[in-house]
Structures are given as C-alpha cells and as structure tokens.
Amino acid sequence: MGGGQAAAAGAGLASGRGGQPEVYCHRAILDAIRYLVDNGTKWRAIPVDFPPWDRVYAFFRRWRDHGLVREFHDRLRRRVREQDGRDPEPSAGVIDSQSVKADAVVGSDSRGFDGGKLINGRKRHVVVDTLGLLLAVMVTAADAGDRAAAQVLLAQVAAAHHLLALVWADGGYTGSLVEYSLTALAVVLAIVKRSDDMRGFVVLPKRWIVERFFAHLMQSRRLVRDFERSTGSAEAMVYWSMTTLMTRRLARPRPSRA
C-alpha cells in the first residue's frame with residue numbers, strides 16, 4: 001500500500017469510518033516515538049529499523065490531536081499508582097514551572113523571555129502527584145506569569161481529578177490564586193516558602209518532588225530544548241517522556257514477599 005493509501009486508511013480507522021488495516025505495527029511506531037524523545041533525534045533521522053519517519057510522525061500527530069497520548073499516559077499512571085499501593089486517583093499534588101530555551105523553529109507567537117531565569121523560549125507548567133507522576137502540563141511562552149497559567153492549569157486538573165484536595169506550590173503562586181483555588185476549585189493551595197535564614201541548597205518539603213520530575217524530563221534529550229513548532233506538540237513530548245518512565249517502572253521486577 002502506498003503512503004497516501006496508508007494515510008487514508010489510518011484516518012478512517014481513527015475517525016471510526018473503518019478502512020484497511022494500518023500497514024505498520026503500532027508497537028514499532030510507539031518504539032520509534034520513544035526513541036526520538038529519548039535520544040533527541042530529528043524526525044527524518046529516525047533509524048531505518050523503524051517504520052518510515054513520515055508514518056511515525058503521522059501517528060504522533062494523530063495521537064496528539066485526538067488526545068490519545070494523554071489517555072495512554074493516564075492509564076499508565078493509574079497502573080503505576082495501583083502497583084505502588086495508592087488510590088488510582090490522587091488527592092494531593094505539586095505545581096511548578098520550568099523555563100527552557102527554544103529552538104529557531106519556535107515562532108515569536110509562542111516564545112518569550114523569562115527575566116528571572118534569563119531564558120528566551122517557552123515555559124512548562126506542570127502539576128504532579130506525590131509520586132512525581134504527571135497530572136497535567138501546559139506549555140506557554142517563557143514570559144507568561146506563573147499565577148495566570150496556574151489558574152488555567154489547576155482548573156483543568158481539578159476537573160479531571162475530583163479527589164484532588166491539596167496542591168503544594170512555591171512562593172511564586174501566592175496572592176489571589178490561593179483564594180481562587182479554594183473558592184472556585186475546592187483545592188487548598190499550600191505555599192512552601194524558603195526561610196530567609198536558609199543558605200545554599202536546601203531540600204524543601206514536597207517541592208523536591210516536582211524538581212525530581214523536571215530532572216527526569218532533562219534525561220529525555222528531545223526535551224532539553226523546545227524543538228516543537230506548536231505548544232501542542234511540546235506538551236505531547238512531555239507525555240511521551242513520562243510514558244517511557246512509567247512503562248519501565250511497570251516492567252521492573254517486583255520484590256517477592258516472604
């Protein structure tokens with residue numbers, strides 16, 4: 001089957017209209033996307049051991065546009081939480097943001113300058129649970145305010161996770177956001193501040209969880225910088241990175257109980 005026929009068949013299957021089966025194994029395509037995210041290669045530089053790069057990208061785009069990558073990610077997160085003896089739905093989380101430099105392909109409409117970090121690029125706003133697993137991510141220009149972005153992000157998280165009652169944050173999220181979270185979302189936003197007498201590196205309660213999450217993202221070479229033309233693709237890359245982490249945790253042998 002030619003590339004055009006494969007694309008039409010894939011589109012038909014995705015929209016529920018039927019069509020011919022897809023030519024390439026989904027497992028091989030998933031492995032190709034994970035390879036790209038983990039190793040930071042270009043789409044056109046995907047090794048020939050995988051399906052053709054344009055078919056892999058078409059799959060990535062389809063899963064991004066239909067929200068399938070997030071659904072896949074959320075199912076894995078629930079399984080990881082259950083394996084750890086937790087409730088599938090979290091009741092507490094941590095919010096923070098990370099500014100990263102943007103590649104030249106990122107347009108001026110979605111990039112900005114973070115004066116605090118001195119970074120020209122984009123900002124990843126995330127909420128993670130107490131295991132450091134992603135609940136939601138929103139990518140904006142780096143000059144976007146944390147509190148304004150958090151108001152939108154927390155509303156999304158509260159709508160998707162009805163048991164969420166407590167979110168820890170740093171001092172950048174003080175002000176009216178605390179009252180908004182409590183009155184509009186029924187979520188307590190607890191601010192974890194650094195004391196004035198602290199010197200050097202200090203591990204702050206709960207804040208280390210989201211910092212460890214960002215450290216994991218930096219192990220995915222595709223995420224060291226923002227190489228995506230759209231913020232939707234940038235968010236999808238974060239979800240793909242976390243699926244790699246969670247599948248490794250699920251595949252890890254569990255210690256036998258005496």
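Biologist: Which helix supplies the largest share of the lining of the largest pocket?

Modeller: Helix 3 does, with four residues; helices here are DSSP runs (H or I, at least four residues), numbered from the N terminus. This is a predicted model, in which local features need pLDDT of at least 70 and side-chain atom pairs count only at pLDDT 80 or more, while totals for chains, interfaces and linings use all residues. Residues are numbered from 1 along each chain as its sequence is written, and side-chain values use heavy atoms, without hydrogens and water.

Biologist: What is the volume of the largest pocket, and which lining residues are closest to its centre?

Modeller: The largest pocket holds about 530 Å³ of space. It is lined by 17 residues, and Trp43, Val105, Arg222, Phe227 and Arg229 are the closest to its centre. A pocket is an open set of points on a 1 Å grid with protein on both sides within 12 Å along at least five of seven lines, and a lining residue has an atom within 4 Å of a point.

Biologist: How does that lining divide by class?

Modeller: The lining has six nonpolar, four polar and seven charged residues. Asp, Glu, Lys and Arg count as charged, Ala, Val, Leu, Ile, Met, Phe, Trp, Tyr, Cys and Pro as nonpolar, and the others, Gly among them, as polar.

Biologist: What makes a space a cavity, and how many of 30 Å³ or more are there?

Modeller: In a cavity a 1.4 Å probe fits but cannot get out. The count is one, and the largest cavity has a volume of about 30 Å³. Its lining includes Arg222 and Phe227, as well as Arg124, Asp226 and Met237. By class that lining has four nonpolar, no polar and five charged residues.

Biologist: Why are helix 3 and helix 8 called roughly perpendicular to each other?

Modeller: Their axes, 10 Å apart, pack at an angle of about 100°. Angles of 65 to 115 degrees count as roughly perpendicular, so helix 3 and helix 8 are given that name. Phe60, Trp63 and Arg64 in helix 3 meet Gly232, Ser233, Ala236, Met237 and Trp240 in helix 8, where contact means heavy atoms within 4.5 Å.

Biologist: Why does the term also apply to helix 7 and helix 8?

Modeller: The axes of helix 7 (residues 207–219) and helix 8 (residues 231–251) come within 10 Å and cross at roughly 95°. This pair is therefore roughly perpendicular. Phe213, His216 and Leu217 in helix 7 meet Val238, Ser241, Met242 and Leu245 in helix 8. That contact has five nonpolar, two polar and no charged residues.

Technical notes:
Axes are lines fitted to C-alpha atoms, for helices over the stretch in contact, and angles run from 0 to 180 degrees between N-to-C directions. Helices (H or I, at least four residues) and strands (E, at least two) are DSSP runs, numbered from the N terminus. Angles under 35 degrees count as roughly parallel, over 145 as roughly antiparallel, 65 to 115 as roughly perpendicular and the rest as oblique. Grid points are joined across faces, edges and corners, and a volume is the space filled by probe spheres set on the points.
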